[in-house]
Amino acid sequence: MAKTEAPRIDDVGHPPPGTKELAEIAPLLVPRSKRRWWRWCLGVVVLGSALVLLGACRMDAHARRLLAAEREAGIEPGVVRPGWGPIDAGPLDAEVAVLLIHGFRSTPRDFGELPDRLAGEGVRVRAMLLPGHGTSSEELATTTVEQWIEAVREEYRALRSRHASVRVVGYSLGGALALVALADEPPDRLALVAPYFAVAPRWYAWPNVETWARAARRLVDWIDSGPEVHGLSDRTRAA
């Protein structure tokens, strides 16, 4: 008597009648409205991606034209532009010294007449210039946060070694750097003017501006901040 093989687990037998035909017509049974919805979504994604790419290319091209203009004007890395360097004012033997730290992509000129007014009160004033600032955009692009933090510490310690009391004023980025750099050796007084910690959330920039900025770095190397960037000394920005 012939030995019968045990049925395999994957042996499900013959498909029922009509299975093949049903599989062939199944795609046609999807509602047209649903198919239109997915096509519309795909179109929006493609169009949005194209607009983002075009905008990134335009911003990058504009900023590169500004870089070329810098080179034509003779602005070179490592050379501080006239009037953009550090400011020293007030008596050298003053008991009180004040360190002023400017903001991102700016210079000690942020503080306007403040250094002279403090010096007039008998205070020694040092408005420092952060590394990479006051020269060319190319040099600024190569500096790091660590360099800024260390520069603030060095400026503060130099004043501390010569004056009995040292006070610090940080504007925008300068305020954030002062908090980080001097956390272990706090000054006698610390004033933060519009300190930068993060970009204020906006509903249209979900999840946040910083995340978009990190993603945009893959497409855009340079971007111009535009004419809306104002310094601390601009009286028209006071509110």
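Buried means under 20% relative accessible area, exposed means over 50%, and partly exposed lies in between (1.4 Å probe, protein chains only). This is a predicted model, in which local features need pLDDT of at least 70 and side-chain atom pairs count only at pLDDT 80 or more, while totals for chains, interfaces and linings use all residues. Residues are numbered from 1 along each chain as its sequence is written, and side-chain values use heavy atoms, with hydrogens and water left out.

**Stop 1: Arg-126 and Glu-155**

Select Arg-126, which counts as buried at 18% relative accessibility. A salt bridge here is a side-chain nitrogen of Lys or Arg within 4 Å of a carboxyl oxygen of Asp or Glu. The pair links distant parts of the chain: Arg-126 is in strand 3 (residues 124-127) and Glu-155 in helix 5 (residues 145-160), 29 residues apart. Helices (H or I, at least four residues) and strands (E, at least two) are DSSP runs, numbered from the N terminus.

**Stop 2: along helix 5**

Stay on helix 5 and select Glu-150 and Arg-153, which lie three residues apart, about one turn of the helix. Their side chains meet in a salt bridge at 3.7 Å, N to O. Glu-150 is partly exposed at 32%, and Arg-153 is partly exposed at 24%.

**Stop 3: from helix 5 to a loop**

Next, select Arg-157 and Glu-185. The closest N and O atoms of this salt bridge are 2.7 Å apart. Arg-157 belongs to helix 5, whereas Glu-185 sits in the loop between helix 6 (173-181) and strand 5 (189-193); the two are 28 residues apart and link distant parts of the chain. Glu-185 has a relative accessible area of 24% and is partly exposed, as is Arg-157 at 42%.

Now show Asp-88, Arg-124, Arg-126 and Glu-155 together: salt bridges that share partners join these four into one network. Over the whole structure, the search finds seven salt bridges.

**Stop 4: Thr-107**

Move to the loop between strand 2 (96-101) and helix 3 (114-120), and select Thr-107. Is this residue, Thr-107, buried or exposed? Thr-107 counts as buried, because its relative accessibility is 6%. To see what surrounds Thr-107, leave aside its neighbours within four places in sequence and display Trp-84, His-102, Leu-129 and Gly-134, with which Thr-107 is in contact. Contact means heavy atoms within 4.5 Å.
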